[in-house]
Amino acid sequence: MKKILLCGVGGQGTILAANILAEAALASGQEVKVSEIHGMAQRGGAVSTMIAVGHDVASMVIGEGEADIVIAFDKLEALRALPSLKRSGTLIVNDELIKPASVLTGKAQLPDDVDGLLFQADALVVPAEATAREAGSPKSANVVLLGAAADVLGLSAEMLQEAVRSCVPPKTVEANERAFQAGRRFAEEQGRDVR
Amino acid sequence: MKDMMLLSGNEAVARAAADAGATVGTGYPGTPSTETLEAFAREEGVYAEWCTNEKVALEVALGASAGGARTLCTMKHVGVNVAADPLFTAAYTGVGGGLVILAADDPGMHSSQNEQDSHWYAQAAHVLMLDPADSQEAHDLAREAFSLSERFDVPVMVRSTVRIAHTKTPVQVQDAAARPDARPYEKDASKWVMMPAFAKGRRVEQLSRVEEMRAWADSAEAPNRIILGDARIGVVCAGAAFQHVREALPDASILKLGVTCPLPAETVRSFADGVDELYVVEEASTYLADAVCAAGVQVSQPVNGLPKAGELSPNLIRHAFGRPVPEGSAPVEGLPARPPALCPGCPHRVVFKELSRQKAIICGDIGCYTLGALPPLSAMDACVDMGASVSMAHGFELALGADDGRPVVGVIGDSTFAHSGLSSLISTVYNAGAGTICILDNRTTAMTGRQGNPFNGQQIQGRAGVELDLERVVSAIGVEHVRTVDPNDVEAVRAAVREAVREKDRLDVLIFKSPCVLLERKVQRPYYVASCTGCGVCLTLGCPAIGKYPDTGLSYIDPQMCIGCGQCEQYCRFNAIVR
Ligand SMILES: Cc1ncc(C[n+]2csc(CCOP(=O)(O)OP(=O)(O)O)c2C)c(N)n1
């Protein structure tokens, strides 16, 4: 069984990404559970979706040290999720940081060296928005990130791609396929498909 | 056989209800229950409606059931408090068509003001309660619940929690059952008129029915399951806790209950006989443990004890039982939190800003506007339950009296006003109360996903409902000083609030009417900051689009987030905010 944590900020498309993953898992005959905490999602709060895939899936909750993979749509949320990541887990991070209100108004500060902390955590930082734009699908940063994670998810790339096709709006299928491939290529070029 | 579908627990209950032939669905929105009625409303050949509150929803449902229809009624755990009055007596009358109540609990309080366990209600009201542990079970148990309700002549509660309601798992749906014919209604005052003479008879029947339910709960038909493992550790659990236990203690013997009220006591006793130590694992409650003890079974405590509050997880159970707990990386200290905030352009914002300028004591209520309690607005003194803003404000008035300089204000949303603020306001008027009540009429029930309500007239299945005129309703109650104000017009809000709080001896109702920004998504040209002096007033609005450069201390507006509402422009004394 694999546990995958998707985290980000409301409105970043974590739910679509989770649906794609779940669809692919189901199509490949695996059990899957997708647990969302929403309600405040549209109000700029932190959101997370927990996914358990494999055989004999039990709990839908991911606690400390339990995530095989963390896909963070935001660098601050990536740092917040670090305790969830297994020691041998994979951390994939969107190269974006949406500042929380307290930081915008000078009431709180970000850590001095966000990128350094992510480097120490062995994160694969993906320029997902730029990659999505290049692929002609600026809104598909979430699909780029999935592509970057494709090789560690334990699901075949074909199944994932098929799931992308069936989950995104019909008009955007091709652009999203390109975004997925671009994400995959990025991870391969970084030599990060080993685990 | 139909395909596997990936459904949330809520969707699975809705689907099961429709397949079981339910034709009527009622409810009041509330996380994590809301999507159930929304999904039910999309089914073919069913009627669904949002009611003004859970009590009304259950009464409408009971009427439909009495009239012969299989009926689904949905609410969150705190909604069960509101519906408790009809619930207790519906357990006397029993049902006509099967009546199933979905009660969705929120251990861990992801989006609720408290965490409470609906099991206690089932026990106190003597109704049957089923506890699904995933969407397949939610589907199967909810479907079965309709027949059980008719068989035992009792409302059946399906108890879900946030991790069941909002977790999607594969479901094998079945073909719809041939819809049972609606049971013909025949007048039977001894069953339906609960005056003492008849209620005494029904009370006796109720208790004998409980014995029948007990016998069923212990029968092979009941959805309880034993997973035999190591006989040294036996765990009794249900719902999401079962999934956590299965993962944390893979070797344990488990009695997984599908029916939790009445407790299948015989099943528990015989399970207990086969294990050395018996543990009960449940979330934020002692319902199960107490019931197991009452069945005469000794309950052991795991070495480190289980948490008494909050949501469970496999790690918490591992820790409780002294098992190794996986370690993650050390948390990065001091990370700024990311709490939710009122959206850019939210019509609630200016009202809170102006109230805080008046140094008012503000009794808040439940909705998006509860976020007005957070800094920088920090404009709330209390928030307890739906409707309490109006009644607590009246209480504050009584305690503080005329000598205290601080004005007392209640702030309530349109849906919450319809839910229970209305009866609070009637009480205040009747008792000649004073103070100021602000009704934030954003034309929707925003917090739970923009459902319809009586003050926008929108119904759940798209039929045209009747839109009530809020100002006329308030006037009709007998409030003399009632005004409707545009909450995006700072001058108007300020003038209205000033006047209302100055008149300390009278009751004022101010209706702030402007649609939720998520409703219309009208994005206008964004503003920008041209010549900032760094006074910081715009930052006190708590708009997510406004920030401050750390080096210069001057403000800026994020053009991606700004929707051009113009609230901040009205606050800038230096006319530095322009577009
Ligand atoms: C008894 C009860 N039922 C349901 C809820 C769930 N709930 C929380 S806020 C809310 C709606 C608030 O709508 P409104 O008053 O219009 O305020 P808005 O969110 O639109 O600002 C509901 C239904 C609750 N907390 N308590």
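Q: Is B:Cys572 buried or exposed?
A: The model is predicted. B:Cys572 has a relative accessibility of 15%, and because the cut-off for buried is under 20%, B:Cys572 counts as buried.

Q: How far is the sulfur of B:Cys572 from the closest cysteine sulfur?
A: The general idea is that a disulfide is a covalent bond between the sulfur atoms of two cysteines. Here the closest cysteine sulfur to that of B:Cys572 belongs to B:Cys535, at 6.0 Å. A disulfide requires the two sulfurs to be within 2.5 Å, so this separation is too far for a bond.

Q: How many disulfides does the structure hold over all chains?
A: Over all chains, the count is 0. B:Cys543, for instance, is in no disulfide, and the nearest cysteine sulfur, that of B:Cys565, is 6.3 Å away. B:Cys543 has 14% relative accessibility and counts as buried.

Q: Turning to the interface, how many residues of chain A and chain B are in contact?
A: An interface can be read first as a count of residues, then as an area. In this model, 53 residues of chain A contact 50 residues of chain B. The two chains bury about 4,300 Å² between them, and 57% of that is on carbon and sulfur atoms.

Q: How many salt bridges and polar contacts cross the interface of chain A and chain B?
A: The rule finds 6 salt bridges across the interface. One of them pairs A:Arg87 with B:Glu327, where the closest N and O atoms are 3.9 Å apart. That distance falls within the 4 Å cut-off for a salt bridge.

Q: Which elements of chain A give two or more residues to the side that touches chain B?
A: Among them are strand 1 (2-9), helix 1 (14-27), strand 2 (31-37) and strand 5 (85-94) of chain A. Strand 2 of chain A gives the most, with 6 residues. By class, the side of chain A that touches chain B has 27 nonpolar, 14 polar and 12 charged residues.

Q: Where does A:Glu64 lie, and what is A:Glu64 in contact with beyond its neighbours within four places in sequence?
A: A:Glu64 is in the loop between strand 3 and strand 4 (67-72) of chain A. Leaving aside those neighbours, A:Glu64 contacts A:Pro83 and A:Ser84, and in chain B it contacts B:Asn315, B:Pro326 and B:Gly328. A:Glu64 is partly exposed, at 46% relative accessible area.

Notes:
Residues are numbered from 1 along each chain as its sequence is written. Chains are lettered from A and ligands numbered from 1 in the order in which they are written. This is a predicted model: local features need pLDDT of at least 70, side-chain atom pairs count only at pLDDT 80 or more; totals for chains, interfaces and linings use all residues. Side-chain values use heavy atoms; hydrogens and water are left out. Buried means under 20% relative accessible area, exposed over 50%, partly exposed in between (1.4 Å probe, protein chains only). Contact means heavy atoms within 4.5 Å. Buried area is the accessible area (1.4 Å probe) that two parts lose on being put together, summed over both. A salt bridge is a side-chain nitrogen of Lys or Arg within 4 Å of a carboxyl oxygen of Asp or Glu. Helices (H or I, at least four residues) and strands (E, at least two) are DSSP runs, numbered from the N terminus. Ala, Val, Leu, Ile, Met, Phe, Trp, Tyr, Cys and Pro count as nonpolar, Asp, Glu, Lys and Arg as charged, and the others, Gly among them, as polar.
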